[in-house]
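User: I'm new to this structure and would like to learn how to read a few of its features. Could you walk me through them?

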There are 2 protein chains.
Amino acid sequence: MNSKNSNQNSNGETSKAIYERAVGVLTGGVSRNTIFRKPYPYYASSAKGSYITDIDGIERLDFANNMASLVHGHSHPAIVSAVTEQLQKGSAYTMGTEAEVLFAEHLIKRSPRFEKIRFMNSGTEAVMTMIKASRAFTGKPKIAKAEGAYHGTYDYAEISQTANPSNWGDINKPNAVPVVQGTPQKVLDDVVIFPFNDIERTIHLLDQNASEIACVLIDPVPHRIGLFPASNEFIEAIYNWTRKNNALMVFDEVVSYRVNYAGAQCSYSVKPDLTALGKIIGGGFPVGALAGKAEIMEVLDPRGTFLKHPHSGTFSSNPVSMTAGRVAMEMFDEKAVLDLNTLAMTARKQIEEVIKIVDVPMCITGAGSMFKLHFQEKAPNKYRDAYQNKETKEIIDELLDYMFLKENIIMINTVACMLSTTLTQNNIDQLSEALLRGLKIVKPKIDRLV
Amino acid sequence: MNSKNSNQNSNGETSKAIYERAVGVLTGGVSRNTIFRKPYPYYASSAKGSYITDIDGIERLDFANNMASLVHGHSHPAIVSAVTEQLQKGSAYTMGTEAEVLFAEHLIKRSPRFEKIRFMNSGTEAVMTMIKASRAFTGKPKIAKAEGAYHGTYDYAEISQTANPSNWGDINKPNAVPVVQGTPQKVLDDVVIFPFNDIERTIHLLDQNASEIACVLIDPVPHRIGLFPASNEFIEAIYNWTRKNNALMVFDEVVSYRVNYAGAQCSYSVKPDLTALGKIIGGGFPVGALAGKAEIMEVLDPRGTFLKHPHSGTFSSNPVSMTAGRVAMEMFDEKAVLDLNTLAMTARKQIEEVIKIVDVPMCITGAGSMFKLHFQEKAPNKYRDAYQNKETKEIIDELLDYMFLKENIIMINTVACMLSTTLTQNNIDQLSEALLRGLKIVKPKIDRLV
């Protein structure tokens, strides 16, 4: 317990009082389920670098970084300064700004394969536009996506994200399982679900829908599946299939772009046709982007005689998000990416040591500056292998509560960490020491799982 | 020509140069089609109150207010100050903030019928969540929407937005016309298109799909249809139909909320079950919100044993948008709304005078602080009446170019104005005087239209 206020006893009194007001005006008292925790969420008062101070004055070390979106931690001086300056000049106009051009230039210089870009307001919008653009380009209606993969809240993109043993069906033909009650059957009929990293089954499923698939949607390091990278063979097999079948291979790198200087796609021998971006590229402000091959992006070009995909957005490419995003990404240069990934590698090694010391059947997966704990000895490389049952989820909640309340450490609610450049080796030591204590507490329950 | 720099001759040199860079990195050189204009868009450098200065130093009077989203003009000191303060404390956390609770409390105090709220990042996301929540609550797949109405870029919501005489079909059964090429037929099959403000035909069409309709989606003052309000009888007829058929009546007030202190819905004897919000409630920052009856909003409640509609969003309810939105809406109090609507009424009267003086077959429609010019003598009250053909659109482009380049006045690209509280009677005089000169120039072409 190394955090500054660790001696202070947080009973969350003020958070509890705010939540009591919140339930009167917000459904369930929250506006994002992510922040919900039982019996009530805690409220942030301010944050700086790697630390968030809650409304009762308790400071916590943050490894969640707003669900992986803050790669330089909180209120980074360079971003605050640039945005503060922009605010004086306005936050949105019915006109263009040089900010959107400068940012697009930076992203294309960084990832020359992008060729052309269009900005949106969220990762959800980016994935939706990517799917619509794929349909507009190919003229075909279906998409294929991996069971368990999270891609935001657009119906087609979210199918089977929460599939479980009671409804996922035969692995040779996984069911298209709705996330939201009342999802039209017609949506389910237009989504092909495949098992991530399973070449043979995936290609067989794609073949069965070959003439109708507009795009195969892939998060190369899918957090919700288990935060392990797709194999190069898997990506190559999908790429080759799409070349043969007039379909696009499209990547959702909203989360995974941080993995490498030009995204997780750097690591593969073949590249996606389109990429959806979000999270870190907003520098802490709402953002989404679609990037990819010029000939495909052209469906969005308003200069054409026949515009295939009309698209606008009141706050799209607003100069605040564009400025914050550019400043953040310029600072996240090749050296910064390397340093952060090295820090994450050290963290993973230390946590592997912790697992050995506590002697629990656990493992750790990840890529770049992200990693996740699993309550199983062997690292999963498929969704169904990584799936956590109710008993495991209860242990996770207990561990996360311990980390948050007793160690003043914030992790993502999947027991994952998404690092920021403001974190230090000392912070990593704090994390692994806290996990040592936390895992010892839940060890009897973990042992009973097996 | 009263604007400060009117003697300066803007040739848009710098804008042209930026656009030349833009086409290299952004599809069509823009990230929002709204800002596109031929031969190139102009770029904003800074803005204050009712004025935007472009990158060549030309100041223009702004009646577009970022597509109706800035109700207090640009960089309002109270908003800039509140956001600047928030920036120091961070822009997004994986925790709640009191800002979201304070803002939800304000909106519910303002519109007690809302009962419960959830925030998103854009109007598009708000409408999408509203439709998904309607399906989750009713268990039915279809939506009904008005031909020509704009509701953002979610497939179901955008169908028939751009329907034209070549594809809109029989008025008794309007076709479901895709906006984006490649929209799945299965989406079109789940959307019922009705003619706005036409009770008999609409009810007949709804009846034909009674058992399958989850919600009837209505913008009570649809800008793209022609910016005239739905009649009370129309809204009542839909409301009564939804009560009898286990369906919801849902309003898209992303644009129209500004019409009255508690939205355009104030004016009707019956109220919607759910309302989508956006634009002005963000105070100039990306925002969307879903508000409505607690029993329906409950589908989003993460506390339930069976969560019907899981929903999150990395930047949803971020404290920057929440703070800016609350400050903006608190300033847009009952007196401010009334004053702004009065100013708009004066503007409409003055422009009606201008139309008489120039003696052109034109009219003006609107509601609250919004109005729009039509190139026809009789005010439309149906989409097909308000539809503009190619010749009309060319006149519109010429008039808008004249206003922008010669009078330094920015209007919305549909020849509409959405006022802000920073505008004065003097600004309205400038607008009507400029329109007097502009309409005289295009009069010969307008006369030839009839």
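Analyst: Happy to! Helices and strands here are DSSP runs, numbered from the N terminus. With that naming, B:Pro39 sits in the loop between helix H1 (13–25) and strand E1 (43–48) of chain B. Keep in mind that this is a predicted model.

User: What kind of peptide bond joins B:Lys38 and B:Pro39?

Analyst: The bond between B:Lys38 and B:Pro39 is cis, with omega about 0°. In chain A, a cis peptide bond likewise joins A:Lys38 and A:Pro39, with omega about 0°.

User: At what angle do helix H8 and helix H9 of chain B pack?

Analyst: Angles under 35 degrees count as roughly parallel. Helix H8 (residues 199–208) and helix H9 (residues 232–244) of chain B pack at about 15°, their axes 10 Å apart, so H8(B) is roughly parallel to H9(B). On the H8(B) side the contact includes B:Ile203 and B:Leu206, and on the H9(B) side B:Phe234 and B:Trp241 are among the residues involved. By class, this contact has seven nonpolar, one polar and two charged residues.

User: Is A:Asp301 buried or exposed?

Analyst: Buried means under 20% relative accessible area. A:Asp301 has 9% relative accessibility, so this residue counts as buried. Its side chain makes a polar contact with the side chain of A:Arg303 (2.8 Å). Leaving aside neighbours within four places in sequence, A:Asp301 is in contact with A:Leu307, B:Thr27 and B:Gly28.

User: What is phi of B:Asn197 near?

Analyst: Phi of B:Asn197 is near 70°, a positive value in a residue other than glycine. B:Asn197 is also buried, with a relative accessible area of 11%.

Terms used. Residues are numbered from 1 along each chain as its sequence is written. Chains are lettered from A and ligands numbered from 1 in the order in which they are written. This is a predicted model: local features need pLDDT of at least 70, side-chain atom pairs count only at pLDDT 80 or more; totals for chains, interfaces and linings use all residues. Side-chain values use heavy atoms; hydrogens and water are left out. Axes are lines fitted to C-alpha atoms, for helices over the stretch in contact, and angles run from 0 to 180 degrees between N-to-C directions. Helices (H or I, at least four residues) and strands (E, at least two) are DSSP runs, numbered from the N terminus. Angles under 35 degrees count as roughly parallel, over 145 as roughly antiparallel, 65 to 115 as roughly perpendicular and the rest as oblique. Contact means heavy atoms within 4.5 Å. Ala, Val, Leu, Ile, Met, Phe, Trp, Tyr, Cys and Pro count as nonpolar, Asp, Glu, Lys and Arg as charged, and the others, Gly among them, as polar. Buried means under 20% relative accessible area, exposed over 50%, partly exposed in between (1.4 Å probe, protein chains only). A polar contact is a pair of N or O atoms within 3.5 Å; within protein, one must be able to donate a hydrogen and the other to accept it, and residues adjacent in sequence count only if both atoms are side-chain atoms.
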